[in-house]
Amino acid sequence: MLTIEKNKVFCNGHTFLFKYDVLEAKWVNQKLLVVFHPNEPGCSEDNAYCFSPNQELIWRIGKPPETMGGVRLPYVGITINSKNCGVVDMYGRRFIIDIDTGAIIGIEWVK
């Protein structure tokens, strides 16, 4: 079970404490995928991160490739299904990501 309380995430016996408020979080493959609230200073773009169970930063998502629009907007959600993991931005684009590296490997429109 995963619970979010402002800048804290409680998940699988772990407590994660962050500098910024958490908008959404998911536990995937022994990693915590976090989207910080985009109104936080320093988190308006590239606000999707991945952490180890020890709260070590594994990656911060980068700019989408030019072939996928290249425009950076804040992320507002996380999607997980049987095939892949993704983050959704304010424009309704779902960027499929490699959970191990944070690399953007695909794009879909959700709106």
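K31 is buried, its relative accessible area being 14%, where buried stands for under 20% relative accessible area, exposed for over 50% and partly exposed for what lies in between, with a 1.4 Å probe and protein chains only. This is a predicted model, in which local features need pLDDT of at least 70 and side-chain atom pairs count only at pLDDT 80 or more, while totals for chains, interfaces and linings use all residues. Residues are numbered from 1 along each chain as its sequence is written, and side-chain values use heavy atoms, with hydrogens and water left out.

**Salt bridges**

The structure holds 5 salt bridges, a salt bridge being a side-chain nitrogen of Lys or Arg within 4 Å of a carboxyl oxygen of Asp or Glu.

| Pair | N to O distance |
|---|---|
| D100 and K31 | 2.9 Å |
| R72 and D46 | 2.2 Å |
| E24 and K26 | 3.6 Å |

The side chains of D100 and K31 meet in a salt bridge; D100 lies in the loop between β10 (93-97) and β11 (104-109) and K31 in strand β5, so the pair ties together parts that are 69 residues apart in sequence. Strands such as these are DSSP runs (E, at least two residues; helices are H or I, at least four), numbered from the N terminus. D100 is partly exposed, at 48% relative accessible area.

R72 is partly exposed at 33% relative accessibility, whereas D46 is buried with a relative accessible area of 9%. In the pair of E24 and K26, K26 counts as partly exposed at 31% relative accessibility.

**V34 and its surroundings**

V34 has its place in strand β5, which covers residues 31-36, and with a relative accessibility of 0% V34 counts as buried. Leaving aside neighbours within four places in sequence, V34 is in contact with F18, V22, E24, A25, N47, A48, Y49, F51 and I78, contact meaning heavy atoms within 4.5 Å. V34 and C50 are 16 residues apart in sequence, and their C-alpha atoms are 6.1 Å apart in space.

**Strand pairing**

F51, one of the contacts of V34, has L57 as its bridge partner in β7. β6 and β7 run antiparallel and are joined by 3 bridges, given that two strands pair if DSSP finds at least two bridges between them. These two strands form a hairpin with 5 residues between them, and Q55 in the turn has a positive phi of about 65 degrees.

An open sheet of 3 strands has the order β1-β2-β3 with antiparallel pairing. β1 (2-5) and β3 (14-17) stand at its edges with a single partner strand each, so one side of each is left without a neighbour in the sheet. Strand β2 (residues 8-11) is joined to β3 by 4 bridges, the two running antiparallel, and V9 has F16 as its bridge partner in β3.

**A nonpolar surface patch**

L23, V76 and M90 form a nonpolar patch on the surface, with about 230 Å² of accessible area together. Patches are made of residues with over 30% relative accessible area and no salt bridge, like charges being joined within 9 Å and nonpolar side chains (Val, Leu, Ile, Met, Phe, Trp, Tyr) within 5 Å; accessible areas come from the Shrake-Rupley method with a 1.4 Å probe, and for residues only the protein chains shown count as cover. V76 has its place in strand β8 (residues 75-80) and is partly exposed, with a relative accessible area of 34%.
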